[in-house]
Amino acid sequence: MDKFIIKGPVQLKGKINISGSKNAALPILFASILIDESVEIQNIPKLKDIDNAIKLLLHLGVKIKKGKSLIINANNLYNHYIFPKNLVKSIRASIWLISPILNRLGKIKISLPGGCSIGKRPIDLHIKYLKKLGAKIYIKNNNIYAYINKTFKGSHIIMEKSSVGATISIILAAIYAYKITIIDNAAKEPEIKDLANFLNTMGAKIKGAGTNQIIIKGVLKLKGGIYKIISDRIETGTFLIAAAISGGQILCQKTNPKNLDIVLKKLKYTGAEIKTGKNWCSLNMKNRKPKAVDIITGPYPDFPTDIQPQFTLLNLIALGKSKVTETIFENRFLYIHELIKMGANVFFKKNQVICKGVKKLYSAKIVATDLRASISLVLAGCIASGKTIINNINYIDRGYETIEKKLISLGANIKRIKNN
Ligand code: UD1
């Protein structure tokens, strides 16, 4: 794995273009194989997770033209089982192959999905609800086997937990289902709304995405078309925090601040000046230190768990004491042990950490443990005194497009050492 060498402290300031959303792009890529005509998807971020999703699609016989946008044609989809295990394991999103392939080919064999090690990440809800929609599914020797008889059957699903992934699996299944599907307690994340907008553009009949009740009327066929995916709210939040922790200022362009309400509110409480427009937002910390602010992660519109590590870092260098509560993933504080090596002062209490802001962080030799943890450590390196070395940095390429380039444009001093 590669490593980063970061020299600090620096103040991060400037402007940045936010990339397309990873978590919207992944389900939309897999949804495109529901369609047997060409689909053009714009604003796809250049990320490792997206590369891996594309590789999986190529294994299915899907034709993909890469340019400024992606043109996908799944007319010749033929393969329901040859998925290289390492590819499937490389992304959690591979679970979303099941519903589209069942819809197109009636059967699938695929190994269990992977993803970041931030918790147990079970798939029981995906399986339970696909069964409710008429699929026969079983797991044997770490493989998932699934079948449907002609089509899925619409059903009323009351989700016991508002899961993003399971909501997406249900939508992708119900699209061609016989009868109507109603999902209650559905996840409300903007990425789900984006998936529904994409599918509706191609002829689907989905109502209510973005609320807790989604209604899907099965259609006979989807058609091809062009769609531009939304901007990445997690990347936006990350760059705003980068400016906040370094006393700097930033303008994030090509983004939608409406999808970031709670994060902007919390950043205002830290004392930052926040301004927003239709497709931009800015933060100015005016050379000050942020004030500590409590956060509790939760399903949208609550505080995103994917911005928890970045905001925890803010609290660890802020003025005062704060409490960070993680309610989504049980293993999402691992990176804090690395920050402790840099001088952070924390106290762990079940799913909470109590942060006591320190004056400054010091450089250290540390290790990245997952995607969002990596960015938190990189930002820590930017504000720490001295030379920080972060090993296993490749996680960051899964979710941040040209991260060094973007951070260097804001004033960071980062070098990647490749390990071939
Ligand atoms: C997605 C995002 C991830 C984000 C998360 C929460 C993608 C590729 N990933 O992950 O970045 O952090 O939403 O916003 O979009 N659960 C079960 N059984 C299941 C499925 C989930 O118990 O079958 C639990 C999970 O362990 C977790 C909670 O439900 O505690 C929420 O998980 P979920 O919303 O499904 O997250 P992901 O879709 O995996």
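Modeller: In this predicted model, helix α10 (residues 308-316) is largely enclosed by the rest of the structure, because nine of its nine residues are buried. Buried here means under 20% relative accessible area. The residues in question are Gln308, Pro309, Gln310, Phe311, Thr312, Leu313, Leu314, Asn315 and Leu316.

In soluble globular proteins, nonpolar side chains tend to be buried together. The largest nonpolar core here has 81 residues, and the members that touch the most others are Leu29, Leu97, Ile171, Ile175, Leu199 and Leu222. Helix α6 (residues 164-174) supplies the largest share of this core, with seven residues. Apart from it lies another core, of 68 residues, which includes Leu12, Ile317, Val378 and Ile403.

Leaving aside residues up to four places away in sequence, Ile175 touches Leu34, Asn103, Leu199, Ala204, Ile206, Ile216, Lys217, Gly218, Val219 and Leu222.

Four strands form an open sheet in the order β9-β10-β12-β11, with mixed pairing. β9 (156-158) and β11 (205-207) are the edge strands, each pairing on one side only. On average, neighbouring strands of the sheet are turned by 10° against each other, direction ignored. Strands β10 (residues 180-184) and β12 (residues 213-217) pair in the antiparallel sense over five bridges. Ile183 has Ile214 as its bridge partner in β12.

Definitions and conventions. Residues numbered from 1 in each chain as written. Predicted model: local features only at pLDDT ≥ 70, side-chain atom pairs only at ≥ 80, totals over all residues. Heavy atoms only, no water. Pairing = 2+ DSSP bridges. Helix = DSSP H or I, 4+ residues; strand = E, 2+ residues; numbered from the N terminus. Axes fitted to C-alpha atoms, helices over the stretch in contact; angles between N-to-C directions. Buried < 20%, exposed > 50% of the residue type's maximum accessible area, 1.4 Å probe, protein only. Core = buried A, V, L, I, M, F, W, Y, C linked by side-chain atoms within 4.5 Å. Contact = heavy atoms within 4.5 Å.
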